[in-house]
Amino acid sequence: MTADGRIPLEFLTDTTGLVPRPDTLLVTGTDGIPAHGWAGVVMVAARPATAFGHMTGCQCCTGRGGTVAATLGDVFRQRATGGLKWFARVAVLPPVGQAQAWRAALRGDVLVGARFAMPDA
């Protein structure tokens, strides 16, 4: 937990050297990540590319942060109500090519910003 009470959130770039941590929940859009060693692994539901040719997660097509922000909102609720094992941190592993879109979607979501502390980079 950060000094202001928010849950630390970090972005991972790929699965190379991915080391599970028992106090960390992994939120990912990548299939095949084993849950062993993590506080839990939550998959973000994939959405098809839009009619405009944009990829999943672009802010103009997903509204309030899209599926990744909604997933983090659900994760926060489940943590508070005992639906998920307690975790102290969240690691986000977007699908290949989606890191920038996911980061932008989360930065633009006021509820995510109130609950999770994202690094500046």
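I note that the model is predicted, with local features needing pLDDT of at least 70 and side-chain atom pairs counting only at pLDDT 80 or more, while totals for chains, interfaces and linings use all residues. Residues are numbered from 1 along each chain as its sequence is written, and side-chain values use heavy atoms, without hydrogens and water.

I then went through the fold: the chain has four helices and five strands, in the order β-β-β-α-α-β-α-α-β from the N terminus, where helices (H or I, at least four residues) and strands (E, at least two) are DSSP runs. Of its 121 residues, 38% are buried.

Next I looked for aromatic pairs (ring centres within 6.5 Å; planes under 30 degrees apart stacked, over 60 edge-to-face, the rest tilted) and found one. The ring centres of Phe 76 and Phe 116 lie 6.2 Å apart with the planes at 75°, so the pair is edge-to-face. It links helix 2 (residues 66-81), which holds Phe 76, to strand 5 (residues 116-117), which holds Phe 116, across 40 residues. Phe 116 counts as buried, at 1% relative accessibility.

Last, I checked charges over rings (NZ of Lys or CZ of Arg within 6 Å of the ring centre and within 35 degrees of the ring normal). Arg 79 lies over the face of Trp 86, 3.6 Å from the ring centre, and also over the face of Phe 87, at 5.2 Å.

Note on methods
Buried < 20%, exposed > 50% of the residue type's maximum accessible area, 1.4 Å probe, protein only. Phe/Tyr/Trp six-rings, centres within 6.5 Å; stacked < 30°, edge-to-face > 60°.
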